[in-house]
Amino acid sequence: MRTLKKKAAIFLALILAMAFFLTSCGGQGSAAAENYKSKHSSILTKTAAVVEISDKREVNNALSEYLALDVSAKKLLVSEKALLDKLLIKINELEFASFIAVHAAVLFKTVDNIAITDKDAVNNALKEYSDSDAAVKILLTGEKKLLDSLLKKIIEKEIASPGIAADNFKTTHSAILSKNAGAAAITDKSAVMYALSDYEFFDDTIKVLLESEKALLDSLLAAIQELEAAYMPIELLSFDKALTILCEGTEAEVFDVDTGISYRVKRVIGGYNTLADVETLNTEETNKLLQTSGSLSSMKRRAVIVTAGGKRIAASIAPLEHSGREDFPYGDIVDNRSGSTGRGINLDSIKNNGMTGVVDLYFFNSLIPGINRVDDSHQAMVMKAYAYEDQKKN
């Protein structure tokens with residue numbers, strides 16, 4: 001009898017403990033849900049009829065925070081989650097409509113009536129498309145196809161009429177082309193880079209007609225780089241901090257300390273996480289790299305300063321191209337990769353740029369892949385780059 005009473009008491013205690021546990025968890029979930037509603041009350045009072053594009057960040061913040069909640073809180077926020085989903089869909093539709101309205105003139109063009117002078121409008125539309133969210137890009141599938149066909153036709157017309165193409169370039173970039181190196185400002189950099197990017201895609205017959213404009217743009221860029229150097233100190237950042245700035249897919253400017261030559265690169269998505277695998281953006285940038293190293297088969301370390309994300313970072317480069325195949329898609333598993341790296345992921349993402357694969361950028365305390373130790377030669381070059389400004393003063 002005592003044993004039975006004892007078991008009953010234990011059973012009752014377990015039930016009470018379970019009830020307390022469930023009540024406690026439910027209470028925590030309820031508190032979290034109420035706090036969520038209070039924090040995001042502004043956006044949760046909106047409806048699809050009144051929501052605006054400017055509300056997108058607030059909607060995305062609310063959705064991100066919802067995902068971080070525990071299950072008990074989420075169960076109490078079903079209607080709020082449904083509302084946020086509807087708001088985001090509506091905002092995407094508004095962005096789609098805005099895109100159509102802003103770029104209506106060029107979107108009404110066809111390959112039969114597109115003109116060389118429409119190039120800037122086409123490029124602006126393509127840039128906005130590129131900056132759009134994935135959901136908006138899906139809505140703009142047809143428009144993207146049209147814009148690609150229009151740009152292709154414009155390029156064909158430029159090759160057929162190089163004089164008109166050169167004149168259009170001068171008109172499009174007249175503001176920055178009216179500057180001289182002495183009047184250059186850091187805020188002019190985006191305009192210079194846009195003009196240089198536009199120039200790079202021209203056929204050689206058009207480039208010949210723009211030699212003086214190209215020389216001017218190069219002098220402007222050099223002047224801007226000197227201004228940046230005066231405002232941005234060279235930083236000695238460990239590889240983990242440097243790679244959060246030069247994250248995957250980011251473009252950067254590389255300044256070679258010994259020659260004073262700069263070239264632009266892009267960090268490849270993939271590779272190792274203690275250094276940056278980078279590619280030059282095009283053949284012109286590869287030629288600049290070659291002017292510093294002489295070849296793409298050299299393991300000689302070079303002191304460089306990497307400019308990205310508003311910072312100048314001391315680094316070292318080994319100009320040995322590796323881990324790529326020009327004749328296979330980026331990301332494929334392939335054999336016989338460049339630099340005798342054998343089988344692995346094809347890191348050659350930029351085709352026809354005069355480089356097969358990538359080269360390595362080392363930062364302070366970067367580790368050698370597969371060995372996990374610091375390369376003393378690279379570290380010496382990193383320190384040389386870090387001391388560059390002091391050496392100039394002396």
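In helix H7 (119–131), Lys119, Val122, Ala125, Leu126 and Tyr129 are buried, meaning under 20% relative accessible area with a 1.4 Å probe and protein chains only. Seen down the helix axis, these buried residues fall within an arc of 130°, so they line one face of H7; the arc is taken from the directions from the axis to the C-beta atoms. An α-helix has 3.6 residues a turn, so residues three or four places apart point the same way. On the other side of H7, Lys127 and Asp131 are exposed, that is, over 50%.

This is a predicted model, in which local features need pLDDT of at least 70, side-chain atom pairs count only at pLDDT 80 or more, and totals for chains, interfaces and linings use all residues. Residues are numbered from 1 along each chain as its sequence is written, and side-chain values use heavy atoms, with hydrogens and water left out.

The buried residues of H7 pack against helices H5 (78–102), H6 (104–107), H8 (134–139), H9, H10 (162–172) and H12, where contact means heavy atoms within 4.5 Å. Helices are DSSP runs of H or I with at least four residues, numbered from the N terminus.

Two pockets follow; a pocket is an open set of points on a 1 Å grid, where a 1.4 Å probe fits, with protein on both sides within 12 Å along at least five of seven lines, and lining residues have an atom within 4 Å of a point.

| Pocket | Volume | Lining classes |
|---|---|---|
| Largest pocket | About 800 Å³ | ten nonpolar, five polar, ten charged residues |
| Second largest pocket | About 490 Å³ | five nonpolar, five polar, four charged residues |

H7 gives the most to the lining of the second largest pocket, with seven residues.

Note on methods: Points joined across faces, edges and corners; volume = space filled by probe spheres on them. Nonpolar A, V, L, I, M, F, W, Y, C, P; charged D, E, K, R; others polar. Helix = DSSP H or I, 4+ residues; strand = E, 2+ residues; numbered from the N terminus.
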